[in-house]
Amino acid sequence: MVILKTDREIKTMKKAGQIAARALQLAGKSIKPGISTLEIDLIIQKYIESQGAKPSFLGYGDFPNSSCISVNNVVIHGIPSKNAVLKNGDIVSVDVGAFFEGFHGDTAFTFACGAIAPEARALLDTTYESLFEGIKMAVVGNRVGDISNAIQRYVEARSYSVVRDFVGHGVGAKLHEDPSVPNFGAPGRGVRLQAGMTIAIEPMINAGTYEVNILPDEWTTVTADGKLSAHFEHSVAITPDGPVILTLP
Ligand code: MG
């Protein structure tokens with residue numbers, strides 16, 4: 001069931017979104033060769049808690065940390081670790097959620113660590129741009145499939161692939177609400193978008209095959225072919241005036 005939010009609730013969601021966005025910015029600034037993903041996670045946790053918010057992911061389905069940090073061939077749900085030390089040329093997807101005054105904000109960005117290869121840069125750029133292709137379609141009267149299709153077309157035209165096994169989602173008082181927001185699919189299909197819907201749009205885009213594997217820790221999701229993957233996410237409110245990005249800092 002899709003839960004519509006009032007204008008007041010969307011304002012509160014924007015506060016949660018801002019906290020998540022600023023935590024993500026701080027994480028980005030900290031990324032350099034030699035830092036561990038656990039150190040980055042602690043920066044995120046400290047900032048979120050300093051704002052009187054709670055990290056959405058900490059303890060979610062037993063997830064052990066405040067952020068997911070996924071390096072290179074890790075698609076999503078990488079578990080921060082002191083043993084995962086970044087090196088020059090890595091691409092680092094950081095996914096952050098903040099829970100504040102009853103609502104979640106959810107956002108992700110793939111950062112470059114030092115100087116990255118041109119192929120990696122192109123993957124990041126395309127994935128980032130595809131997120132905004134999707135957001136553009138998040139308008140009253142469209143359907144979820146219009147968002148999905150815009151992302152898929154943009155990405156596949158550039159010879160990348162869209163992960164099928166994980167999708168975007170409604171976001172609100174719960175971190176994951178209806179509807180599902182796939183990054184692939186036919187236009188004109190799925191739930192019709194209404195004012196007051198709040199959704200997390202989050203393309204997960206692979207350089208090679210879209211197939212993924214989940215490691216024995218039951219979280220870490222990697223590309224089946226070992227190639228790179230990127231992930232960008234914004235929480236977005238659908239309003240009569242068009243999409244409002246809740247997680248822009
Ligand atoms: Mg999400």
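These are legends for close-up views of a predicted model. Local features are shown where pLDDT is at least 70 and side-chain atom pairs only at pLDDT 80 or more, while totals for chains, interfaces and linings use all residues. Residues are numbered from 1 along each chain as its sequence is written, and side-chain values use heavy atoms, with hydrogens and water left out.

**View 1**
Glu 202 sits in the loop between β9 (198-201) and β10 (204-206) and Glu 233 in the loop between β13 (229-231) and β14 (234-239), so the two tie together parts that are 31 residues apart in sequence. Helices (H or I, at least four residues) and strands (E, at least two) are DSSP runs, numbered from the N terminus. Both Glu 202 and Glu 233 are buried. For the burial words, buried is under 20% relative accessible area, exposed is over 50%, and partly exposed is in between (1.4 Å probe, protein chains only).

The whole structure holds six aromatic pairs, counting rings of Phe, Tyr and Trp (its six-membered ring) with centres within 6.5 Å; planes under 30 degrees apart are stacked, over 60 edge-to-face, and the rest tilted. At 30% relative accessibility Phe 109 is partly exposed, whereas Phe 232, at 2%, is buried. Phe 109, Phe 111, Tyr 128, Phe 132 and Phe 232 form one aromatic cluster.

**View 1. Arg 143 in its loop.**
Look for Arg 143 between α3 (118-136) and α4 (144-156); at 25% relative accessibility, this arginine is partly exposed. Leaving out residues up to four places away in sequence, Arg 143 touches Gly 188, Arg 189, Gly 190, Val 191, Arg 192 and Leu 193, where contact means heavy atoms within 4.5 Å. The Arg 143 side chain reaches the backbone oxygen of Gly 190 at 2.8 Å.

**View 2. Helix α2 and its buried face.**
Thr 37, Ile 40, Asp 41, Ile 44, Gln 45, Tyr 47 and Ile 48 are the buried residues of α2. Down the helix axis they fall within an arc of 165°, so they line one face; the arc is that of the directions from the helix axis to the C-beta atoms. They pack against α1 (7-30), β1 (54-55), β2 (67-71) and β4 (91-100). After α2 comes Gly 52, with a positive phi near 75°.

The Asp 178 to Pro 179 peptide bond is cis, with omega near 0°, and Pro 179 lies in strand β8 (residues 177-181). Asp 62 has a positive phi, near 70°, without being a glycine; this residue is in the loop between β1 and β2 and is exposed at 70% relative accessibility. Ser 159, also not a glycine, has a positive phi of about 70°.

Technical notes:
Polar contact = N/O pair within 3.5 Å; in protein donor to acceptor, adjacent residues only side chain to side chain.
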